Amino acid sequence: MPEPQPPPPRLGGPHPSERVPRAPTLIDALLPIVVLIALLALTISLFGIDATNGPLQVALLLSAAFASLIAFKNGYTVAGVADAAVGGVTSAVGAIFILLAVGSLIGTWNMAGTIPTIVDYGIRLVSPSWFYLTAAVVCALVGMVTGSSWTTAGTLGVAFVGMAKVMGLSDAIAAGAVICGAYFGDKMTPLSETTILVPKLVGGGLAVGTHIRNMFWTAGPALGISLVIFLVLGLNADPDAALSTDAAREALAAAFNISFVNLLPLLLLVLFAILRYPPFLSILGSALFAGVLAPFTQWDAVKAFVDDPSLGPVSTSVHAIFSAMATGFVSHSGVAPIDDLFTRGGMASLLTTIWLVLGALSFAAVMEHAGFLQRLLLPIVSHTRRRGSLIAAVNASGIGLNVIAGDQYVADVLPSRMFRGEFAERGLAPQVLSRAVEDSGTVTSVLVPWNTCGAYISGVLGVATASYLPFCFFNLLSPLLDMTYGFLGFKVPKATEPWGDVEPTAPPAQPAPG
């Protein structure tokens, strides 16, 4: 039998699937960023804060398409880029389920009187002068218990913003207080996902407890300064409510049966958090429990919500549960400020936010797959020579990735991995890097409208990111304090032993095909 002959060479070069993609140039990496900034600026200038209702999402998807074209130019296959985009979106599925669960929770908690009861107790017990301070402190404590800034903002945060509106206070400042407290609590507990994740990414044998103790040197002063500012803002507040406090309480009592029993869904959620149940199941379980509770405690409100005399009590109750979870609760008290405040929630109310998350993650996934993000970070890593500038570079990278990639986890993962070699070579302790990553990548994510965290918080609180951003003092101060400590050498410990699991910093390897 004759020996098999090799196939003749193909005309036009190797098959596309056999090509090795070229490493991107700095221009390749910068062009999608320029396009993104231009499109975002255009949508915001044309639509203002309404840009998040669709135009911003279109801008992100167009930017992702442009980044894909640059990737194709460099030899990446259509299938590879498409798989990367799908993978990026897939990484957000857990967050999307939580968003939907929170939407349903807001709807049923309003229907069951949970949020109205919290608002009633709040305006009864908390003076307007102390309101902002109280909101921040309570959310900090709850955040430490639940280990989740998202859960804290989606539950008590909604109630505090509602209280601010009833009391005639600024909902933007209230949202800022909620965010400051929730993010401090999230950072200061070993129950938080990012607090566990970042030490693992940094390596060097860093324990979670060591990481938290070192973070407190920036988080503690940042929260302390924030609380003083909130106290000053509260003492100088000039409440301008459509209803007086007494009138608001009378309207609440007329619309809902105010009782401690209404707080059972909140207590159930806290119990689930302590037992470490998955967030999605915990939130959805509390939402369903509130829906079942509502017909027993708020029958008049449930009947007015369904507004179908042909249905019996059981059918009316089931109809109300599904409607509140799907499209939100509608209050029919007849008092406009009360109805406006508690007509909210439902999974459908957060679909625009989910659209925003999908657009941001699609862009981030293409940028990461094509090596653009690494190409942008490499000069920063390799050109930092001093301790202070190295720590500042980590903070700048975390903030920049929150803006460019639109996802907190990208802003935590990339700097943790890319800077660890430099920190190890300079003899800095691993908790110095982990603190810099958290002070930038974790806490500033909520300040970017198209970031997954910013989109979520804005969606559940009903306050635009641009409105609450100036009052997120904790989130703004954390990276500033970390960079200041880096230049001063304050609380920047040296490594007591080699990191061991860290390779020296090197340029990234040639990307794999597709």
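In the predicted model, F256 and F329 are both buried. The centres of their two rings lie 6.3 Å apart and the planes meet at 50°, so the pair is classed as tilted. F256 belongs to the loop between α11 (245-255) and α12 (264-274), while F329 belongs to the loop between α15 and α16 (336-342); the pair therefore ties together parts that are 73 residues apart in sequence. F256 and F329 also take part in one aromatic cluster, together with F305 and F342.

A further aromatic pair is formed by F471 and F473. Their ring centres are likewise 6.3 Å apart, but the planes stand at 85°, so this pair is edge-to-face. The two residues fall on either side of the 20% limit for burial: F471, with a relative accessible area of 21%, is partly exposed, whereas F473, at 14% relative accessibility, counts as buried. The count of aromatic pairs, with ring centres within 6.5 Å as the criterion, comes to 13.

Helix α15 comprises residues 313-326. At 1.5 Å a residue, its 14 residues should span 20 Å, and the C-alpha atoms at its ends are 20 Å apart, so expectation and model agree. The buried residues of α15 are T316, S317, A320, I321, S323, A324 and M325. These buried residues pack against three other helices, namely α4 (93-111), α13 (279-297) and α14 (299-306). Just after α15, G328 adopts a positive phi of about 100°.

Positive phi values also occur at residues other than glycine. Most residues other than glycine have a negative phi. R276, which is not a glycine, has a positive phi of about 65°. R276 is located in the loop between α12 and α13, and its relative accessibility of 48% makes it partly exposed. D307 is another such residue, with a positive phi near 55°. The position of D307 is in the loop between α14 and α15. At 60% relative accessibility, D307 counts as exposed.

The packing of two helices, α6 and α10, was examined next. Two packed helices are described by the angle between their axes and the distance between the axes. For α6 (residues 131-146) and α10 (residues 208-235), the axes come within 7 Å and cross at roughly 150°. An angle over 145 degrees counts as roughly antiparallel, and α6 and α10 are therefore roughly antiparallel to each other. On the α6 side, the contact involves Y132, L133, A136 and V137, which meet L227, F230, L231, L233 and G234 of α10. By residue class, this contact of α6 with α10 contains eight nonpolar residues, one polar residue and no charged residue.

Finally, the surroundings of Q408 were considered. Q408 is placed in helix α20, which covers residues 408-425. With a relative accessible area of 7%, Q408 is buried. When residues up to four places away in sequence are not counted, Q408 touches Y183, T194, N402, G441, T442, S445, N451, T452 and C453.

Notes: Residues are numbered from 1 along each chain as its sequence is written. This is a predicted model: local features need pLDDT of at least 70, side-chain atom pairs count only at pLDDT 80 or more; totals for chains, interfaces and linings use all residues. Side-chain values use heavy atoms; hydrogens and water are left out. Axes are lines fitted to C-alpha atoms, for helices over the stretch in contact, and angles run from 0 to 180 degrees between N-to-C directions. Helices (H or I, at least four residues) and strands (E, at least two) are DSSP runs, numbered from the N terminus. Angles under 35 degrees count as roughly parallel, over 145 as roughly antiparallel, 65 to 115 as roughly perpendicular and the rest as oblique. Contact means heavy atoms within 4.5 Å. Ala, Val, Leu, Ile, Met, Phe, Trp, Tyr, Cys and Pro count as nonpolar, Asp, Glu, Lys and Arg as charged, and the others, Gly among them, as polar. The expected span of a helix is 1.5 Å times one less than its number of residues. Buried means under 20% relative accessible area, exposed over 50%, partly exposed in between (1.4 Å probe, protein chains only). Rings of Phe, Tyr and Trp (its six-membered ring) pair if their centres lie within 6.5 Å; planes under 30 degrees apart count as stacked, over 60 as edge-to-face and the rest as tilted.
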